[in-house]
Amino acid sequence: MRALCWTTDSGLAVRQVPDPELRNDHDVIVRVRRSATCGADLPLLTGQAPGLAAGDVLGHEFLGDVVEVGAAVRRHRIGDRVVVCASVACGACWYCRQGLPSCCDNGSTDPSTSEAEWGHPVAGCFGQPRAAGGFAGSHAEYVRVPYADVGAFPVPESVGDDRALFASDSAPAGWLGAEAGEVRPGDVVAVWGAGAVGQLAARAAWLLGAERVVVVDRHPARLLMARQHVDAETIDRRNADVTAQLRELSGGRGPDVCVEAVGGPAGEHRSLADRFTGRARLPEAVREAVHACRKGGRVVVLNGGVRHVDAFPAGTVVRKALAVRGGRQHGQRHIPMLLDRMARDELRTEYLATHHFPLDRAAEGYALFRDRPQECVRAVFTPH
Ligand SMILES: [Zn+2]
Ligand SMILES: [Zn+2]
């Protein structure tokens, strides 16, 4: 089959790779209908990506049709249209049973790296380096889905492909931002980042009862989208005193909940070396969120690119009695609810698929996504 692979020279290229096969009784094989770019993949374009080998297939946000079913799979049949959670979790370990599937003990086939770095193994992810499990990604004609009863979900007939696609990763990530921030009716919620995850965090905040939702970004076109599609108020950080403006919008106190959803290296000035050696500087958005948040408020950090950073404003967290939480999406828990909301038209996401490319032009799609964030929120690949 054809797939977008990582290469040692240019970074990305569509190559011929072996078809995936069932390896475990809980696997299914999915024929991919849609697969989307993500900021987390951008560093891979450079041709230097520790943990990736030439020929590894990229991509993790996707949906498609089940074409093969392992012997132990109970919830899927050949022909089902399914959306697949971007992260891989077992559904059976202690963390999965606590509703924390992105903290799964068994989701990665190579837990040693994450144990060494973070103290514990965490869930795997499609199309990422070995430390995330080494699962082949979704920018391909077909993909093997492990733990299919846990991570793949049938899409309601009324929900189109471009809408359901975002239930794979962006929508559960956004939902987690609002959930981890414990958004309550009456809250003022500020979200840093008007990409797909930030916009969907803003939408989730509305659905959880927020009274005001404000999105902060430096791309006017994305801010316009946040106003038009999410009904958020917006602040253009290029020419604003963000903290002062947020204070004005929140009765002089500062937002109750601040969600950092900037993601990807395009949003912040981090080099590839920073990203993979753990020498990252604290993204400005995290600092700003901590600074702007009202006393006793909640700060949520969603950007997985944040590794070990210095100059974290610990004193501010102490003096302002802040709760700071992080998290990667728990799609295994949230996707059915998100698909329901999509079917009821409460959650519209198709507008985020700003560009479509046949799989053969996927490298071009990534270049557009990287170079023109003003117009391209997500490039979506159609392999068939
Ligand atoms: Zn992603
Ligand atoms: Zn688990």
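Ser 35 stands opposite Phe 381 of strand β17, in a predicted model where local features need pLDDT of at least 70, side-chain atom pairs count only at pLDDT 80 or more, and totals for chains, interfaces and linings use all residues. The strands β3 and β17 pair in the antiparallel sense over 2 bridges; two strands count as paired if DSSP finds at least two bridges between them. Helices (H or I, at least four residues) and strands (E, at least two) are DSSP runs, numbered from the N terminus.

Stay with β17 for a moment. On strand β16 (residues 353-358), 5 bridges join it to β17, and the two run parallel. Here Ala 353 stands opposite Arg 378 of β17. Together β16, helix α14 (residues 362-371) and β17 make a right-handed β-α-β unit, where right-handed means that, with the strands pointing away from the viewer, the path from the first strand over the helix to the second runs clockwise. Strand β17 (residues 378-382) is largely enclosed by the rest of the structure because 4 of its 5 residues are buried (buried is under 20% relative accessible area, exposed over 50%, partly exposed in between, with a 1.4 Å probe and protein chains only).

Now let's turn to the metal. Cys 38 (SG), His 60 (NE2) and Asp 169 (OD) coordinate the zinc ion (ligand 1) at 2.1 to 2.3 Å. Donors are N, O and S atoms within 2.8 Å of the metal (3.2 Å for Na, K and Ca), and water is not among the atoms, so sites may look incomplete. Along the chain, the zinc donors follow the spacing C-x21-H-x108-D. His 60, in the loop between β3 (28-36) and β4 (61-69), and Asp 169, in the loop between α4 (161-164) and α5 (170-180), are 109 residues apart and link distant parts of the chain. His 60 counts as buried because its relative accessibility is 4%, and Asp 169 is buried too, at 12%.

Next comes an open sheet of 6 strands, with parallel pairing and the order β12-β11-β10-β13-β14-β15. Its edge strands, β12 (233-236) and β15 (323-326), each pair on one side only. Within this sheet, β13 (residues 257-260) and β14 (residues 298-301) pair in the parallel sense over 4 bridges, with Val 299 in β14 as the bridge partner of Cys 258.

Finally, a word on bookkeeping. Residues are numbered from 1 along each chain as its sequence is written, chains are lettered from A and ligands numbered from 1 in the order in which they are written, and side-chain values use heavy atoms, with hydrogens and water left out.
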